[in-house]
Amino acid sequence: MPSCAHLIRSALYRLCLAATLAATPVVAQNGDKPTNPPTGPAPAVAIGADLASQAGTTRLTLTLSRAVEARGFVMERPDRAVIDLPEVNFQLDSGAGRRREGVVQSFRYGLFAPGRSRVVIDLAAPAAIGRIETVTRARDGAVLLTIPLQRVEREAFRKAAAASDPAPAQARSAPPEPADQRPLIMVDAGHGGTDPGAIAVGGVFEKDIVFGFAQALVGKLEAGGRYRVRMTRDRDVFVPLAERVRIAREAKADLFVSIHADSISAAPQVRGATIYTNAEKATDIESAKLAERENRADAAAGADAAEAPPDIADILQELTLRETRGFSSGFARTLMGQLAPVMEMSAKPHREARFMVLRSPDVPSVLVELGYLSSKRDLEMLQSPEWRAGVTGSMAKAIDQFFGNHATLRPALITRRSAAVAPVLP
(Lines give C-alpha, C1' and ligand atoms only; values in the text may rest on other atoms or scores of the structure.)
Protein backbone atom coordinates (compact mmCIF):
# COMPACT_ATOMS: atom_id res chain seq x y z
CA MET A 1 0.00 0.00 0.00
CA PRO A 2 1.52 3.38 -0.97
CA SER A 3 2.69 5.54 1.95
CA CYS A 4 1.09 8.90 2.76
CA ALA A 5 4.31 10.67 1.72
CA HIS A 6 4.29 8.85 -1.62
CA LEU A 7 0.67 9.85 -2.30
CA ILE A 8 1.39 13.48 -1.41
CA ARG A 9 4.46 13.57 -3.68
CA SER A 10 2.53 12.01 -6.57
CA ALA A 11 -0.29 14.51 -6.19
CA LEU A 12 2.19 17.38 -6.00
CA TYR A 13 3.94 16.20 -9.16
CA ARG A 14 0.66 16.02 -11.07
CA LEU A 15 -0.20 19.56 -9.97
CA CYS A 16 3.21 20.89 -11.03
CA LEU A 17 3.01 19.06 -14.34
CA ALA A 18 -0.40 20.53 -15.05
CA ALA A 19 0.80 23.99 -14.14
CA THR A 20 3.46 23.93 -16.84
CA LEU A 21 0.90 23.40 -19.60
CA ALA A 22 -0.27 27.02 -19.39
CA ALA A 23 1.85 30.16 -19.53
CA THR A 24 1.00 31.97 -16.30
CA PRO A 25 2.44 35.30 -15.10
CA VAL A 26 5.82 35.04 -13.42
CA VAL A 27 5.51 35.73 -9.69
CA ALA A 28 8.16 37.51 -7.67
CA GLN A 29 10.11 35.50 -5.08
CA ASN A 30 7.85 36.49 -2.19
CA GLY A 31 4.72 35.76 -4.23
CA ASP A 32 3.32 39.29 -3.89
CA LYS A 33 4.00 41.11 -7.14
CA PRO A 34 3.48 39.57 -10.59
CA THR A 35 5.88 40.75 -13.26
CA ASN A 36 5.46 40.85 -17.02
CA PRO A 37 4.00 37.60 -18.43
CA PRO A 38 6.49 35.30 -20.16
CA THR A 39 6.66 35.30 -23.94
CA GLY A 40 7.35 31.55 -24.21
CA PRO A 41 6.27 28.37 -22.43
CA ALA A 42 6.39 28.19 -18.64
CA PRO A 43 9.67 26.83 -17.19
CA ALA A 44 10.05 23.11 -16.69
CA VAL A 45 9.36 21.95 -13.13
CA ALA A 46 11.90 19.86 -11.19
CA ILE A 47 9.98 17.71 -8.70
CA GLY A 48 12.66 15.23 -7.63
CA ALA A 49 16.42 14.67 -7.34
CA ASP A 50 18.15 11.36 -6.71
CA LEU A 51 21.79 10.38 -6.14
CA ALA A 52 23.09 6.86 -6.72
CA SER A 53 26.49 5.20 -7.19
CA GLN A 54 27.25 2.07 -9.17
CA ALA A 55 30.40 0.65 -10.76
CA GLY A 56 32.49 3.74 -9.99
CA THR A 57 29.96 6.21 -11.40
CA THR A 58 27.83 8.60 -9.35
CA ARG A 59 24.60 9.69 -11.04
CA LEU A 60 22.48 12.73 -10.20
CA THR A 61 19.01 12.30 -11.70
CA LEU A 62 16.51 15.16 -11.84
CA THR A 63 12.81 14.41 -12.41
CA LEU A 64 11.38 17.12 -14.69
CA SER A 65 8.00 17.94 -16.16
CA ARG A 66 9.51 18.20 -19.65
CA ALA A 67 12.82 17.81 -21.43
CA VAL A 68 15.43 20.58 -21.29
CA GLU A 69 18.89 21.00 -22.77
CA ALA A 70 21.78 20.73 -20.32
CA ARG A 71 25.40 21.83 -20.60
CA GLY A 72 28.05 20.69 -18.12
CA PHE A 73 31.58 21.77 -17.24
CA VAL A 74 33.94 21.49 -14.27
CA MET A 75 35.73 24.10 -12.16
CA GLU A 76 38.71 23.87 -9.83
CA ARG A 77 39.53 25.54 -6.48
CA PRO A 78 37.13 24.37 -5.16
CA ASP A 79 36.30 21.32 -7.26
CA ARG A 80 32.82 21.62 -8.78
CA ALA A 81 30.73 20.25 -11.61
CA VAL A 82 28.32 22.81 -13.02
CA ILE A 83 25.21 22.04 -15.06
CA ASP A 84 23.62 24.93 -16.95
CA LEU A 85 19.93 24.65 -17.86
CA PRO A 86 17.22 26.88 -19.24
CA GLU A 87 15.04 28.32 -16.48
CA VAL A 88 13.71 25.55 -14.23
CA ASN A 89 11.17 25.85 -11.42
CA PHE A 90 12.81 23.79 -8.66
CA GLN A 91 10.21 22.26 -6.34
CA LEU A 92 12.55 19.93 -4.44
CA ASP A 93 12.51 18.90 -0.79
CA SER A 94 14.30 21.34 1.52
CA GLY A 95 16.97 18.73 2.25
CA ALA A 96 17.73 17.98 -1.39
CA GLY A 97 21.39 18.36 -2.15
CA ARG A 98 22.78 17.80 1.34
CA ARG A 99 23.44 14.05 1.13
CA ARG A 100 26.91 12.83 0.16
CA GLU A 101 27.13 10.03 -2.39
CA GLY A 102 30.21 8.78 -4.24
CA VAL A 103 32.13 11.72 -5.72
CA VAL A 104 29.30 14.14 -4.84
CA GLN A 105 29.79 16.06 -1.61
CA SER A 106 26.57 18.08 -1.99
CA PHE A 107 24.77 20.15 -4.63
CA ARG A 108 22.89 23.44 -4.96
CA TYR A 109 20.42 24.69 -7.51
CA GLY A 110 18.47 27.78 -8.51
CA LEU A 111 18.07 30.63 -10.96
CA PHE A 112 21.47 31.84 -12.14
CA ALA A 113 20.50 34.62 -14.57
CA PRO A 114 17.27 35.68 -16.29
CA GLY A 115 16.04 32.65 -18.22
CA ARG A 116 18.86 30.42 -16.96
CA SER A 117 19.12 27.97 -14.05
CA ARG A 118 22.15 26.17 -12.70
CA VAL A 119 23.01 23.11 -10.62
CA VAL A 120 26.36 23.37 -8.81
CA ILE A 121 27.76 20.03 -7.60
CA ASP A 122 30.46 20.18 -4.92
CA LEU A 123 32.86 17.30 -5.62
CA ALA A 124 34.46 15.12 -2.97
CA ALA A 125 37.11 14.10 -5.52
CA PRO A 126 38.10 15.17 -9.06
CA ALA A 127 35.50 13.90 -11.53
CA ALA A 128 34.51 14.16 -15.17
CA ILE A 129 30.98 14.70 -16.43
CA GLY A 130 29.85 11.85 -18.65
CA ARG A 131 27.14 11.96 -21.29
CA ILE A 132 24.03 13.66 -19.91
CA GLU A 133 21.00 11.58 -20.83
CA THR A 134 17.28 12.37 -21.02
CA VAL A 135 14.66 9.60 -20.76
CA THR A 136 10.87 9.94 -20.66
CA ARG A 137 9.25 7.73 -18.05
CA ALA A 138 6.40 5.75 -19.62
CA ARG A 139 4.06 5.53 -16.65
CA ASP A 140 3.55 9.28 -16.07
CA GLY A 141 5.41 11.17 -18.81
CA ALA A 142 8.01 12.58 -16.41
CA VAL A 143 11.45 13.30 -17.87
CA LEU A 144 14.55 11.93 -16.13
CA LEU A 145 17.69 14.02 -16.68
CA THR A 146 20.71 11.98 -15.59
CA ILE A 147 24.17 13.50 -15.02
CA PRO A 148 26.91 10.85 -14.61
CA LEU A 149 30.16 11.69 -12.80
CA GLN A 150 33.26 9.49 -12.96
CA ARG A 151 36.34 9.99 -10.80
CA VAL A 152 39.49 11.07 -12.69
CA GLU A 153 43.08 11.94 -11.88
CA ARG A 154 43.88 15.47 -10.71
CA GLU A 155 45.84 16.40 -13.84
CA ALA A 156 43.00 15.37 -16.17
CA PHE A 157 40.54 17.32 -14.04
CA ARG A 158 42.80 20.39 -14.08
CA LYS A 159 42.99 20.33 -17.88
CA ALA A 160 39.21 19.94 -18.18
CA ALA A 161 38.64 22.87 -15.81
CA ALA A 162 41.08 25.05 -17.74
CA ALA A 163 39.27 24.26 -20.99
CA SER A 164 35.85 25.18 -19.59
CA ASP A 165 34.21 28.49 -20.40
CA PRO A 166 31.79 29.13 -17.54
CA ALA A 167 31.44 32.89 -18.01
CA PRO A 168 27.80 33.74 -17.22
CA ALA A 169 25.60 36.18 -19.03
CA GLN A 170 25.59 39.00 -16.49
CA ALA A 171 22.40 40.43 -15.07
CA ARG A 172 21.94 43.95 -16.40
CA SER A 173 20.52 46.93 -14.58
CA ALA A 174 17.85 49.17 -16.01
CA PRO A 175 19.07 52.52 -17.36
CA PRO A 176 18.98 55.43 -14.89
CA GLU A 177 16.27 58.05 -14.95
CA PRO A 178 18.17 61.31 -15.57
CA ALA A 179 15.15 63.56 -15.15
CA ASP A 180 14.51 62.42 -11.56
CA GLN A 181 16.85 64.21 -9.15
CA ARG A 182 15.78 62.36 -6.00
CA PRO A 183 18.58 60.36 -4.30
CA LEU A 184 18.87 56.80 -5.60
CA ILE A 185 18.99 54.07 -2.96
CA MET A 186 20.31 50.69 -4.12
CA VAL A 187 19.06 47.82 -1.93
CA ASP A 188 21.10 44.64 -2.27
CA ALA A 189 19.53 41.37 -1.12
CA GLY A 190 22.48 39.07 -0.47
CA HIS A 191 23.04 35.73 -2.23
CA GLY A 192 20.28 34.31 -4.47
CA GLY A 193 19.67 31.64 -7.10
CA THR A 194 22.32 28.91 -6.89
CA ASP A 195 23.88 30.63 -3.86
CA PRO A 196 21.57 30.07 -0.85
CA GLY A 197 23.84 31.77 1.68
CA ALA A 198 23.60 30.57 5.28
CA ILE A 199 21.13 27.75 6.02
CA ALA A 200 19.21 27.49 9.31
CA VAL A 201 18.74 24.17 11.11
CA GLY A 202 15.17 23.90 9.81
CA GLY A 203 16.25 24.44 6.20
CA VAL A 204 15.50 28.17 5.95
CA PHE A 205 17.77 29.88 3.40
CA GLU A 206 19.45 33.22 4.03
CA LYS A 207 18.70 34.29 0.45
CA ASP A 208 14.93 34.04 1.12
CA ILE A 209 15.05 35.82 4.50
CA VAL A 210 17.05 38.78 3.19
CA PHE A 211 15.05 39.05 -0.05
CA GLY A 212 11.79 39.41 1.87
CA PHE A 213 13.39 42.02 4.14
CA ALA A 214 14.88 43.92 1.17
CA GLN A 215 11.50 44.06 -0.56
CA ALA A 216 9.88 45.37 2.63
CA LEU A 217 12.56 48.09 2.89
CA VAL A 218 12.05 49.07 -0.75
CA GLY A 219 8.30 49.32 -0.15
CA LYS A 220 8.87 51.53 2.90
CA LEU A 221 11.21 53.88 1.02
CA GLU A 222 8.98 54.09 -2.05
CA ALA A 223 5.95 54.88 0.10
CA GLY A 224 7.74 57.95 1.47
CA GLY A 225 8.27 59.34 -2.05
CA ARG A 226 11.63 60.96 -1.23
CA TYR A 227 13.83 58.49 -3.10
CA ARG A 228 14.26 56.46 -6.22
CA VAL A 229 14.81 52.86 -5.13
CA ARG A 230 16.23 49.86 -6.96
CA MET A 231 17.30 46.34 -6.10
CA THR A 232 20.40 44.55 -7.39
CA ARG A 233 18.16 41.50 -7.77
CA ASP A 234 14.35 41.55 -7.89
CA ARG A 235 13.84 37.77 -7.69
CA ASP A 236 15.62 34.57 -6.70
CA VAL A 237 18.53 34.93 -9.13
CA PHE A 238 22.30 34.80 -8.72
CA VAL A 239 24.13 38.11 -9.27
CA PRO A 240 27.97 38.11 -8.98
CA LEU A 241 29.50 40.37 -6.33
CA ALA A 242 31.35 42.60 -8.81
CA GLU A 243 28.13 42.91 -10.84
CA ARG A 244 26.28 44.25 -7.77
CA VAL A 245 28.93 46.94 -7.41
CA ARG A 246 28.77 47.71 -11.14
CA ILE A 247 24.98 48.05 -11.07
CA ALA A 248 25.17 50.59 -8.23
CA ARG A 249 27.99 52.61 -9.82
CA GLU A 250 26.53 52.62 -13.31
CA ALA A 251 23.20 53.82 -11.94
CA LYS A 252 25.06 56.53 -9.94
CA ALA A 253 23.47 55.37 -6.71
CA ASP A 254 23.70 57.69 -3.72
CA LEU A 255 23.61 54.91 -1.14
CA PHE A 256 24.13 51.13 -1.27
CA VAL A 257 22.60 48.96 1.48
CA SER A 258 23.40 45.24 1.39
CA ILE A 259 21.19 42.95 3.50
CA HIS A 260 22.49 39.67 4.96
CA ALA A 261 21.96 37.25 7.89
CA ASP A 262 24.90 35.38 9.41
CA SER A 263 25.11 31.93 10.97
CA ILE A 264 27.49 30.38 13.52
CA SER A 265 26.40 26.79 14.13
CA ALA A 266 29.08 26.29 16.79
CA ALA A 267 27.73 29.21 18.85
CA PRO A 268 23.91 29.27 18.75
CA GLN A 269 23.88 31.67 21.70
CA VAL A 270 25.41 34.47 19.60
CA ARG A 271 22.79 36.88 18.27
CA GLY A 272 22.17 40.46 17.22
CA ALA A 273 22.66 42.75 14.24
CA THR A 274 25.97 44.17 13.00
CA ILE A 275 26.64 46.97 10.48
CA TYR A 276 29.77 46.67 8.36
CA THR A 277 31.67 49.22 6.29
CA ASN A 278 34.61 48.58 3.98
CA ALA A 279 38.24 48.76 5.08
CA GLU A 280 41.50 47.12 4.05
CA LYS A 281 42.08 45.97 7.65
CA ALA A 282 39.27 44.22 9.51
CA THR A 283 38.15 45.34 12.95
CA ASP A 284 38.69 41.84 14.34
CA ILE A 285 39.28 38.23 13.31
CA GLU A 286 35.53 37.45 13.27
CA SER A 287 34.87 40.29 10.82
CA ALA A 288 37.73 39.17 8.58
CA LYS A 289 36.38 35.60 8.51
CA LEU A 290 32.86 36.79 7.71
CA ALA A 291 34.12 38.95 4.83
CA GLU A 292 36.09 35.97 3.51
CA ARG A 293 32.97 33.79 3.58
CA GLU A 294 30.82 36.42 1.88
CA ASN A 295 33.49 37.03 -0.76
CA ARG A 296 33.27 33.36 -1.77
CA ALA A 297 29.65 33.77 -2.92
CA ASP A 298 30.61 33.67 -6.61
CA ALA A 299 32.41 30.36 -6.18
CA ALA A 300 29.40 28.93 -4.33
CA ALA A 301 27.24 29.72 -7.35
CA GLY A 302 29.66 28.12 -9.83
CA ALA A 303 31.18 31.34 -11.17
CA ASP A 304 34.71 32.72 -11.17
CA ALA A 305 35.20 35.67 -8.84
CA ALA A 306 35.73 38.84 -10.86
CA GLU A 307 38.67 40.22 -8.91
CA ALA A 308 39.57 43.65 -10.27
CA PRO A 309 43.27 44.34 -10.91
CA PRO A 310 45.02 46.86 -8.64
CA ASP A 311 44.52 50.46 -9.68
CA ILE A 312 46.92 53.37 -9.22
CA ALA A 313 44.58 56.11 -8.03
CA ASP A 314 45.34 59.76 -8.63
CA ILE A 315 44.76 62.45 -5.99
CA LEU A 316 41.19 63.13 -7.13
CA GLN A 317 40.27 59.45 -6.96
CA GLU A 318 41.94 59.08 -3.56
CA LEU A 319 39.96 62.02 -2.21
CA THR A 320 36.75 60.55 -3.61
CA LEU A 321 37.45 57.18 -1.98
CA ARG A 322 38.30 58.79 1.34
CA GLU A 323 35.15 60.90 1.32
CA THR A 324 33.02 57.92 0.29
CA ARG A 325 34.33 55.89 3.22
CA GLY A 326 33.60 58.83 5.52
CA PHE A 327 29.99 58.94 4.30
CA SER A 328 29.72 55.16 4.71
CA SER A 329 30.91 55.29 8.30
CA GLY A 330 28.66 58.25 9.03
CA PHE A 331 25.62 56.43 7.71
CA ALA A 332 26.59 53.29 9.68
CA ARG A 333 26.58 55.32 12.91
CA THR A 334 23.25 56.92 12.02
CA LEU A 335 21.77 53.53 11.20
CA MET A 336 23.09 52.06 14.44
CA GLY A 337 21.40 54.83 16.41
CA GLN A 338 18.04 54.16 14.77
CA LEU A 339 18.22 50.35 14.99
CA ALA A 340 19.42 49.99 18.59
CA PRO A 341 16.00 50.85 20.13
CA VAL A 342 14.04 48.40 17.94
CA MET A 343 16.28 45.32 17.60
CA GLU A 344 19.01 43.36 19.34
CA MET A 345 22.49 44.58 18.36
CA SER A 346 25.71 42.54 18.60
CA ALA A 347 28.47 43.28 21.10
CA LYS A 348 30.30 45.34 18.43
CA PRO A 349 27.47 46.78 16.31
CA HIS A 350 29.72 48.68 13.86
CA ARG A 351 32.68 46.84 12.36
CA GLU A 352 34.92 47.06 9.31
CA ALA A 353 36.22 44.41 6.90
CA ARG A 354 37.23 43.97 3.27
CA PHE A 355 33.89 43.04 1.67
CA MET A 356 33.94 42.88 -2.14
CA VAL A 357 30.35 44.10 -2.37
CA LEU A 358 31.26 47.32 -0.45
CA ARG A 359 34.21 48.27 -2.64
CA SER A 360 32.64 51.01 -4.72
CA PRO A 361 34.95 54.05 -4.53
CA ASP A 362 32.13 56.56 -5.16
CA VAL A 363 28.95 55.07 -3.62
CA PRO A 364 28.59 55.14 0.20
CA SER A 365 27.97 51.50 1.13
CA VAL A 366 27.08 49.45 4.20
CA LEU A 367 26.39 45.76 4.77
CA VAL A 368 23.81 44.93 7.45
CA GLU A 369 23.86 41.49 9.06
CA LEU A 370 20.32 41.42 10.49
CA GLY A 371 21.03 38.58 12.92
CA TYR A 372 22.03 34.94 13.11
CA LEU A 373 20.10 32.09 11.52
CA SER A 374 21.88 29.83 14.03
CA SER A 375 20.09 31.65 16.90
CA LYS A 376 16.56 30.42 17.53
CA ARG A 377 15.46 33.83 18.84
CA ASP A 378 16.99 35.74 15.92
CA LEU A 379 15.47 33.33 13.41
CA GLU A 380 12.01 33.80 14.91
CA MET A 381 12.33 37.58 14.65
CA LEU A 382 13.74 37.47 11.12
CA GLN A 383 10.61 35.59 10.05
CA SER A 384 8.21 37.94 11.87
CA PRO A 385 6.33 40.46 9.65
CA GLU A 386 5.82 42.73 12.67
CA TRP A 387 9.53 42.77 13.49
CA ARG A 388 10.43 43.37 9.86
CA ALA A 389 8.02 46.30 9.60
CA GLY A 390 9.52 47.96 12.68
CA VAL A 391 13.12 47.49 11.59
CA THR A 392 12.58 48.64 7.99
CA GLY A 393 10.78 51.70 9.37
CA SER A 394 13.82 52.55 11.50
CA MET A 395 16.15 51.99 8.55
CA ALA A 396 14.06 54.39 6.46
CA LYS A 397 14.36 56.99 9.26
CA ALA A 398 18.13 56.54 9.27
CA ILE A 399 18.24 57.14 5.51
CA ASP A 400 16.11 60.27 5.93
CA GLN A 401 18.45 61.52 8.65
CA PHE A 402 21.55 60.76 6.58
CA PHE A 403 20.42 62.71 3.53
CA GLY A 404 19.05 65.51 5.69
CA ASN A 405 22.41 65.98 7.40
CA HIS A 406 24.45 65.69 4.22
CA ALA A 407 22.35 67.76 1.84
CA THR A 408 25.14 70.37 1.50
CA LEU A 409 28.01 67.85 1.34
CA ARG A 410 26.73 65.46 -1.30
CA PRO A 411 27.43 67.70 -4.36
CA ALA A 412 31.20 67.49 -3.70
CA LEU A 413 31.15 63.70 -3.97
CA ILE A 414 28.84 63.76 -7.00
CA THR A 415 31.11 66.28 -8.77
CA ARG A 416 34.17 64.14 -8.17
CA ARG A 417 32.32 61.05 -9.32
CA SER A 418 31.46 62.64 -12.66
CA ALA A 419 34.99 64.02 -13.04
CA ALA A 420 36.71 60.69 -12.50
CA VAL A 421 34.81 57.42 -12.78
CA ALA A 422 37.38 55.17 -11.13
CA PRO A 423 37.45 51.39 -11.58
CA VAL A 424 36.61 49.27 -8.54
CA LEU A 425 39.57 49.29 -6.19
CA PRO A 426 40.99 45.98 -4.92
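How many cavities of 30 Å³ or more does a search of the whole structure find? The search finds 4. Here a cavity is a set of points on a 1 Å grid over the protein atoms alone where a 1.4 Å probe fits but cannot get out, and lining residues have an atom within 4 Å of a point.

Please keep in mind that this is a predicted model, in which local features need pLDDT of at least 70, side-chain atom pairs count only at pLDDT 80 or more, and totals for chains, interfaces and linings use all residues. Residues are numbered from 1 along each chain as its sequence is written, and side-chain values use heavy atoms, without hydrogens or water.

The largest cavity holds about 70 Å³ of space. Of its 14 lining residues, His-191, Asp-195, Leu-241, Arg-244 and Ala-297 lie nearest the centre. Two or more lining residues come from each of α4 (241-250), β13 and α6 (297-300).

Now to the sheet. It is open and mixed, with 6 strands in the order β12-β11-β13-β16-β14-β15; strands are DSSP runs of E of at least two residues, helices of H or I of at least four, and two strands pair if DSSP finds at least two bridges between them. At the edges are β12 and β15, each pairing on one side only.

| Strand touched by α9 | Residues |
|---|---|
| β11 | 184-189 |
| β13 | 255-262 |
| β16 | 365-372 |

Note on methods
Contact means heavy atoms within 4.5 Å. Axes are lines fitted to C-alpha atoms, for helices over the stretch in contact, and angles run from 0 to 180 degrees between N-to-C directions. On a 1 Å grid over the protein atoms alone, a cavity is a set of points where a 1.4 Å probe fits but cannot get out, and a pocket is an open set with protein on both sides within 12 Å along at least five of seven lines; lining residues have an atom within 4 Å of a point. Grid points are joined across faces, edges and corners, and a volume is the space filled by probe spheres set on the points.
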